[in-house]
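Please look through the sequence and the model before reading on. The report below begins with a sheet and then turns to a helix and a ligand.

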Amino acid sequence: MSDSLYALVGVTKRYGPRTVLAVDELTIRRGEVLALVGPSGAGKSTLLRLLNFLETVTTGALAFDGRPIAGGDDAPLCALRRVTTVFQRPVLLRGTVAENVAFGLKLRGQRDGGAVGRILEEVGLAHLAGTAARTLSGGEAQRVALARALVLRPDVLLLDEPTANLDPVNVALMERSVARLNREQGTTVVFVTHNLFQARRMGQRVALLLDGRLVEMAEAERFFEHPQDSRTAAFVRGEMIY
Ligand SMILES: Nc1ncnc2c1ncn2[C@@H]1O[C@H](COP(=O)(O)OP(=O)(O)OP(=O)(O)O)[C@@H](O)[C@H]1O
Ligand SMILES: [Mg+2]
């Protein structure tokens, strides 16, 4: 079994005349936690939408688990099922918090077996289990979206600014839950964050996207302490001018 789970070569993504992503080469290792950082509009969410096969590459090749994958409507179900995404603006369903968290399990024909209760407990939402999901605060809704993903114990978890609306206690809870899934299940995690402290805490490797290009990708310590690219150095110092 190869060490690489995703391999992107010469990938571009265009919307109309605009190329929003142009990645020469990117390999994501099986079981790693990769932090994706970069300014607003850099293409981070777009990259996640390629990694979850929602969108197709405009040019280039994307392989998942050694197999070339066509995204969009042609994405194979077996690949789709292995990847779970928590979107930047998660949409909750009608019904209770518990029903929302149980939804993905049901869709996959899996039994709950107490997993929903356990995950709600873990992310501090047990007291809201019976509450209508649509009435939740922004931070509560974000935690439900995360719980809904975690309960599936996916092979790959893609998180788009998963803690943007959370207070510090809940940030810590979420980071712990994600780290635990990675450790216990070997889940590959790719997460987008604007919080460089979080990138450093959680990311085993960190990648910087600028204007759709992958500027640098390195082990977290090296990325922050010994960046190879002057733009990375400026970005981690908070001195980048966009
Ligand atoms: N469906 C689309 N159609 C046209 N342009 C798009 C589409 N999706 C994204 N873009 C453009 O692509 C660029 C990258 O967007 P993306 O959402 O990937 O950025 P991001 O790095 O996630 O930014 P943020 O940190 O603000 O979430 C943006 O300029 C955006 O306007
Ligand atoms: Mg985004």
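In this predicted model, six strands form an open sheet with mixed pairing, and their order across the sheet is β6-β7-β8-β3-β9-β10. The edges are formed by β6 (83-86) and β10 (213-219), each of which pairs on one side only. On average, neighbouring strands of this sheet are turned by 15° against each other, if direction is ignored.

Strands of a sheet pair through backbone hydrogen bonds, and the pairing can be either parallel or antiparallel. Two of the pairs in this sheet are set out in the table.

| Strand pair | Direction | Bridges | Residues standing opposite |
|---|---|---|---|
| β3 and β9 | parallel | four | V37 and L208 |
| β6 and β7 | parallel | four | V83 and V156 |

In a regular strand the side chains alternate between the two faces of the sheet. Strand β6 can be read with this in mind: V83 and T85 point one way, T84 and V86 point the other way, and all of them are buried.

Helix α1 lies across β3, β6, β7 (156-160), β8 (188-192) and β9, and the helix runs at about 155° to β8. This helix, made up of residues 44-51, also gives the most to the shell around ligand 1, to which it contributes three residues.

Which residues are found around ligand 1? They are Y15, V20, G38, S40, G41, A42, G43, K44, S45, T46 and Q88.

Methods: Residues numbered from 1 in each chain as written. Chains lettered and ligands numbered in written order. Predicted model: local features only at pLDDT ≥ 70, side-chain atom pairs only at ≥ 80, totals over all residues. Near = placed C-beta within 6 Å. Helix = DSSP H or I, 4+ residues; strand = E, 2+ residues; numbered from the N terminus. Pairing = 2+ DSSP bridges. Axes fitted to C-alpha atoms, helices over the stretch in contact; angles between N-to-C directions. Contact = placed C-beta atoms within 7 Å. Buried ≥ 20, exposed ≤ 12 C-beta atoms within 10 Å, placed from the backbone.
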